[in-house]
Amino acid sequence: MAYVEHAETEVLHEPKSFFTRYIWSQDHKVIAIQYSLTAISVGLVALVLSGLMRIQIGFPGSLEFMDASTYYQAMTMHGMIMVIYLLTALFLGGFGNYLIPLMVGARDMVFPYVNMLSFWFYLLSVLVLLSSFFVPGGPTGAGWTLYPPQSITQGTPGTEWGIVLMLVSLAIFIVAATMGGLNYVTTVLQARTRGMTLFRMPLSVWGIFMASILALLAFPALFVSAVMMLFDKLLGTSFFMPAVISMGQQLAHQGGSPILFQHLFWFFGHPEVYIVALPAFGLVSDLISTHARKNIFGYRMMVWAIIAIGVLSFVVWAHHMYVSGMNPYFGFFFAATTLIIAVPTALKVYNWVLTLWHGDIHLTVPMLFALAFIVTFLVGGLTGLFLGNVIVDIPLSDTYFVVAHFHMVMGVAPILVIFGAIYHWFPKITGRLMNDTLGKLHFWITFLGTYCIYFPMHYLGLLGMPRRYYAWQNYDFIPQSAQQLNAFITVVALTVGVCQLLFLFNLAWSVFKGKPAGPNPWGAASLEWQTPDTPPVHGNWGPELPVVHRWAYDYSVPGIEQDFVPQTVSAQELEQMRQRCAEARAASERP
Amino acid sequence: MNGPLLKNTESAGSGGRWSQPPGTSRVPEGFDRAKAAKVGLRVFLMVVTSLFLLFLLAFIARSQMADWQPLTDPLAPLASARQLWLNTILLVLGSISLQWARLAARRGALSGARLGFTLGGVFAIAFIGGQLWVWKQFVDWGYFVSANPANSFFYLLTGVHGLHLLGGLVAWGRVGARFLRRVALSQLASSVELCAIYWHYLLGLWIVLFFLLTSTPETYQAIAAFCGLR
């Protein structure tokens, strides 16, 4: 309700000191950078955890401290951090914050104070989460899905404090995400500049906008399950806890429904996939169009596909629960909806490819990442069709096939977009370009590396190798060669992990030493590249807000000097540009 | 002219606001704060709706388990819902007061707005007091939070609803402080309106909760069957 206060207080909160400018800032650009740096930092923790897990899988027993409990804790924290605290925060809090006001021509978010609070709540949630590494019993090892009863029953690591801190941290994160989401949605609805109709917004904004709506509607499901599980854990209620005998003792709980938790969790969990994927779809559309110098193919279709995916994502959740036991008709229903959601998704893939077709493709670093996204997402999406069918899913469930599928589709693919988007918008954020050679090296190692990691995992899954196992000794059905493959995957995974240092170095180095970029190094038509200052100053636009006259995709326009028309150019100005160009050509052709 | 490339460019498209000539009166930051705040509140209420809908679905699903002991049994605390009816009346009065304040503020009647606004908050505080009284009765009767899922849900749902009202009271307090600082009514009208919308929403939500919490197991069964949970 803080916006009540905002109704008529001073508008733009011009920052006065270092403290209000960079720390306690209400400027969407600063908040975006705060969000991004926090997300990347916590993501590095998750990356290290995955490296430790891979060492245990590839070379069992080589890490002394890695016992089964530690492995489960690393696995849980890796999953939760990557999905929620890195991907969600970076796409919505990072890119959403930075791009929405600039792309729709606003001076800031509609509720800057709430926006600032959103970041501080996010930071608090991260600190609470990380603090669980230092409490007795360590962080929870319940798996990122936190299924009860095991997540709060003795025997699972971290049932003392870890699980409580995890649930509290999630609740705080949801508060932060809600405050952020309110801002993103309201800003898009209310603060677009003159001429910026909904169907002239760049697809980045559409993707983030729809993802914010999904987040606003889906995160409450996680909130409900977190609160009810906290009650079960701390107050001894039995929302989710059935009668259980644990360590020879009958627990005080009875009658609760673990399946109820699963429904609530996945009612959040599946839209969450699209909370991550839709911004990636949007951003990658803009990267492809800009770097192929061609308008996005089927813009309106792309928008409607984003909306359709958003709506459908709420009716597919139980495809995560085929092996949990449910009414067979439910399985039929959820398999059908899952396959239907592939239609708008495939539409988008076709449209990206058709955008590239006959395009003037510039193989810049952002474009390389965008192209890699298309193929990676395609592979991950196709295995999704396998897993969406009940009868195929049941034998593959809980195997490495699933691990490979979701890492490809919602791990690697969105991360590739994040990298591409950072290389693409870095010049706007800092005024400098990132180093191209380092960028290409980073790209090739990451792209080829992730294929070497996840492609073989499909085979491991088909061999029946179960996921979430700490060790595979004495399982006769797994051949010896699987171990060799695992060792190979580990070596590649560590290489790719270390290679991210290249990216971080490039990021830090380029802030100070990068080549000056100028206002619009990629020749992009969308509004954020037309700011009077680069990097944009507080208030973004100088005394006058920009007026928008066209969509964001006028590339390779014939008859003018530059090959693109910025969104701010009116029809008359375009006509003048044409005439000037024609005159210049006539002058040069004259003998 | 290159047709397909310049699609969407020359025409304003649906809702093309820019077709007005430039320089018409628009606020410098490019949008209407009061309207944006109202939209923001509506979006927030959408989130709260999603939250309570999920709580209630969990409630209905859990009520179908064998160990559910209805609070409306003859010897259970909700056999008579008198106290809850009283609380409901308090909340209705709060909503009416704020609506009165909203209309008065729109007319520019300061005293009416101030009185209605104050009463709206006071009735809300009284409602929360009444709810706490019901909780105390529950405890006195031995209906603790973990004793039975029906109790757990009663505490959970009334608690979360109360917390939302408390959040509203924080906003109410901040607007109230501006009333005391004698900020012009025209500047407060939109804040009063936001409070009123929020109060109405929480009243509607409470009526749904009230109905469900005091319903019989047969009603839950019917709803569960309707939702495919049985």
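Trainee: What ipTM and pTM does the model score?

Mentor: This is a predicted model, and scores of confidence therefore come with it. The two values are ipTM 0.92 and pTM 0.94.

Trainee: Over which residues of chain B does pLDDT stay under 50?

Mentor: Chain B averages a pLDDT of 88, and 87% of the residues score at least 70. Where pLDDT is low, the predicted coordinates should not be read in detail. That caution applies to one stretch, for which the model has 55 contacts beyond four places in sequence. The stretch with pLDDT under 50 is residues 1-27 of chain B.

Trainee: Is Thr490(A) buried or exposed?

Mentor: Thr490(A) lies in helix H15 of chain A, residues 480-513. Leaving out residues up to four places away in sequence, Thr490(A) touches Arg54(A), Ile55(A), Gly58(A) and Phe59(A). Its relative accessible area is 0%, and buried means under 20%, so Thr490(A) is buried.

Trainee: Is Cys227(B) buried, partly exposed or exposed?

Mentor: A search of the whole structure finds 0 disulfides over all chains. Cys195(B) has a relative accessible area of 0% and is therefore buried. For Cys227(B) the value is 37%, which falls between the limits of 20% and 50%, so Cys227(B) is partly exposed.

Trainee: Which helix gives the largest share of the lining of the largest cavity?

Mentor: The structure holds 4 cavities of 30 Å³ or more, and about 90 Å³ of space lies in the largest cavity. Its lining residues include Tyr35(A), Thr88(A), Tyr122(A), Phe173(A) and Tyr184(A). The elements that give two or more residues to this lining are H4 and helix H6 (162-190) of chain A. The largest share, 6 residues, comes from H6(A).

How values were computed
Residues numbered from 1 in each chain as written. Chains lettered and ligands numbered in written order. Predicted model: local features only at pLDDT ≥ 70, side-chain atom pairs only at ≥ 80, totals over all residues. Heavy atoms only, no water. Helix = DSSP H or I, 4+ residues; strand = E, 2+ residues; numbered from the N terminus. Buried < 20%, exposed > 50% of the residue type's maximum accessible area, 1.4 Å probe, protein only. Contact = heavy atoms within 4.5 Å. Disulfide = S-S within 2.5 Å. pLDDT = per-residue confidence, 0-100. 1 Å grid on protein atoms, 1.4 Å probe; cavity = no way out; pocket = protein on both sides within 12 Å on 5 of 7 lines; lining within 4 Å. Points joined across faces, edges and corners; volume = space filled by probe spheres on them.
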